[in-house]
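Two contact surfaces are the topic here. Take the one within a chain, then the one between chains.

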Amino acid sequence: MGSVPSTYLITNYMISAGIDIGSRTIKLVILSENIITFEQVVDNSFNTMEICNKLLDGKNYDKITSTGYGRHLFADYYECDVISEIKAFSLGIRSVFPNVRTILDIGGQDTKAISLDEQGKVKKFEMNDKCAAGTGRFLEIMAMALRYNLDQFSTAALSVNEKESISSMCTVFAESEVVSMIGKGYDRNKISRGIHFSIINRAINMLKKVNIEDDIAFVGGVANNIAIKVLLSEILGKKIYVPNNPQTIGAIGCAIYN
Amino acid sequence: MTDYREMWSGLGLDLQTHDAVLEIVGKMYGEVYMSQKNRPKGMEYFDFVMSEIHGLRIKELMDAKAEGRKIIGTFCVFVPEELILAVNGISVGLCAGAELAFDAAEQFIPRNTCALIKSAFGFKLAKVCPYIESADLIVGENTCDGKKKAYESYKDLVGNLYVMDLPQVKSSEGKVLLKAEYQKFAKKLEELSGNKITKESLQKGIEIVNSKRKAIKRLSDLRTANPTPISGLDALLINQVYFYDDPIRFTNSVNALCDELELRIKTGVGVFSNKTPRILVSGCPMAVPNWKIPQIIETSNATIVGEEMCTGERGTRNFVANENLSTEEMINAIVDRYFNIDCAIFTPNNERYENIKQMAKQYKADGVIYYSLQFCQPYQNESISIEKMLEKEGIPVLNIDTDYSSEDIGQLKTRIEAFIERIKS
Ligand code: SF4
Ligand code: SF4
């Protein structure tokens with residue numbers, strides 16, 4: 001559990017829960033009197049509701065709001081409000097970084113870029129469409145093809161200054177491209193850097209579409225990847241803020257919404 | 001239910017695939033349409049038409065054919081129904097809104113062709129569309145590159161394709177071209193039907209179509225009310241049925257529905273609460289059974305109050321002048337009316353920008369959802385400048401690129417919900 005900055009301000013003192021049901025992980029946050037009293041990330045499975053039930057078992061809260069791709073499913077079983085991930089992230093991030101106006105979220109199966117106005121209202125947002133290119137899933141598959149775990153993968157990308165460019169963004173084609181590069185004896189570190197760059201380029205395209213307003217908050221599972229954060233900051237010449245727990249920002253946003 | 005199987009196999013339909021299509025569409029209709037709350041009673045007629053769209057309506061067409069009337073299939077709102085009626089013909093829309101036999105279609109047209117065109121091939125190749133099969137003449141038009149080139153191979157598939165040229169610029173030369181093409185088309189219709197276009201027959205044709213468009217205009221005007229008396233899904237359906245139904249019966253049914261809606265407005269009855277965000281949908285046509293985007297919108301706490309598309313106001317706005325005109329003058333009046341259509345194949349297409357702004361205002365839209373089919377260059381191109389223009393005017397815009405598949409529904413739902421949250425905040 002991360003430390004809690006004093007900026008987690010909510011005015012009412014009810015016990016408020018937020019659940020973010022993603023394609024790969026489910027996140028639960030409980031706030032009570034401004035403080036996160038519970039915060040957990042668990043893997044999703046075939047049976048989303050079973051995991052949610054377990055996660056909520058014995059928990060005390062007055063109100064709960066859901067977001068994430070399973071948000072409506074959850075609302076079929078629990079009395080709750082439902083908000084989009086875009087709204088959840090914007091609420092969540094402003095509670096941690098009150099001045100941030102650009103958010104990049106790279107999760108398991110989608111990527112989003114959001115820009116906010118000065119009051120923190122959503123101005124514009126972009127999302128990838130159906131395919132998993134440039135998402136956490138893409139990174140996982142590429143790391144696997146290179147026989148790295150995720151930490152090694154990110155360290156490898158930062159260990160060299162040159163990269164091997166990956167031409168395909170499609171997960172399937174990129175994977176075979178990587179496999180053939182390995183076969184040809186290319187440096188694995190350079191390939192790793194190339195893969196990270198391809199994700200970053202895609203993210204930058206999306207960010208540009210919503211306009212980058214000052215510093216950027218980077219959230220979602222992929223924000224745990226140091227290489228992406230460092231390289232993104234280098235390329236854009238902007239400060240990149242990553243919260244202590246980048247995966248629970250959506251759930252925090254839900255808890256604040258209540 | 002009447003058994004139409006004999007009629008269908010007589011038309012050369014593949015009964016097995018056709019059964020499957022009917023079942024899927026029927027099920028979709030149930031889920032999308034019948035699950036709606038607070039529908040006006042007048043929608044029962046359109047439910048009935050939909051349930052008989054491959055049945056009774058086709059039977060009517062077959063009976064008309066037996067009397068010597070000709071069926072003219074069209075793919076574009078530039079084909080003047082007035083002329084078709086003037087030779088006692090029947091106009092039917094052939095555009096399809098479902099992903100069917102796309103792999104077979106890709107043997108004829110490239111993969112990066114819009115879904116609307118692909119389904120025209122798919123429905124033909126899978127032998128499931130009784131409208132295509134019953135048409136005596138299928139009219140193509142040189143609009144976007146996608147269609148223009150596709151007709152070159154569609155010609156071989158259907159055997160009775162007539163291609164009409166269309167201008168791409170709103171110049172006086174463009175208008176001359178449109179007139180020449182309409183005259184050529186009129187002649188073709190006369191040859192095909194053996195009927196001459198007379199002053200009386202043309203006047204009658206114009207009157208019928210004007211009345212149909214007036215009924216739609218009446219419906220559209222009623223949708224400016226808050227709360228809106230009819231859902232966007234139902235209004236879209238009416239705009240879709242517009243292309244299939246008998247025009248006079250259709251007009252009467254729309255007017256009857258409007259009577260009911262007027263009563264609803266008087267008593268403050270609506271489909272959704274008066275706090276519900278109002279959306280204008282703009283872009284490519286939505287052919288039956290493409291209800292994907294409207295359904296997501298209207299199940300995300302918003303309602304659609306207008307369609308800026310060919311299955312909507314682009315197709316139906318403006319009437320043809322017909323008071324005391326000679327045949328020649330009536331043809332000119334038809335050209336005048338159609339030359340105003342603000343399709344994105346025109347360059348520049350300034351009228352469209354003005355029309356969207358005007359519609360957003362008239363229907364008190366809180367936001368515009370711009371819908372392009374993937375690979376539709378004309379509408380995708382305009383989406384960018386239209387979004388900029390509207391956002392500058394303070395009208396929020398969500399730009400969507402999609403197709404007929406259901407793969408992206410989850411993503412779209414998130415985007416549309418977030419957009420509606422944005423409007424509300
Ligand atoms: S969008 Fe253009 S080409 Fe397509 S039906 Fe409408 S007017 Fe015709
Ligand atoms: S949707 Fe676009 S690409 Fe498709 S037929 Fe119409 S104008 Fe052409």
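Domain bounds come from an automatic or database domain assignment. On that basis chain A splits into domain 1 (1-97 + 245-258) and domain 2 (100-242). Their C-alpha centres lie 25 Å apart. This is a predicted model: local features need pLDDT of at least 70, side-chain atom pairs count only at pLDDT 80 or more, and totals for chains, interfaces and linings use all residues. Residues are numbered from 1 along each chain as its sequence is written, chains are lettered from A in the order in which they are written, and side-chain values use heavy atoms, without hydrogens and water.

Start inside chain A. Contact means heavy atoms within 4.5 Å. By that rule, 12 residues of domain 1 touch 27 residues of domain 2. Buried area is the accessible area (1.4 Å probe) that two parts lose on being put together, summed over both. The two domains of chain A bury about 1,600 Å², 68% of it on carbon and sulfur atoms. They share 2 salt bridges (a side-chain nitrogen of Lys or Arg within 4 Å of a carboxyl oxygen of Asp or Glu). A:Lys112 and A:Glu85 form a salt bridge at 3.7 Å, N to O.

Now turn to chain B. Here 16 residues of chain B meet 19 residues of chain A. About 1,500 Å² is buried between the chains, and carbon and sulfur atoms give 51% of it. On the chain B side, B:Gln411, B:Thr414 and B:Glu421 lose the most area, together 35% of what that side buries. The interface of chains B and A holds 2 salt bridges. B:Glu417 and A:Arg71 meet in a salt bridge at 2.8 Å, N to O.
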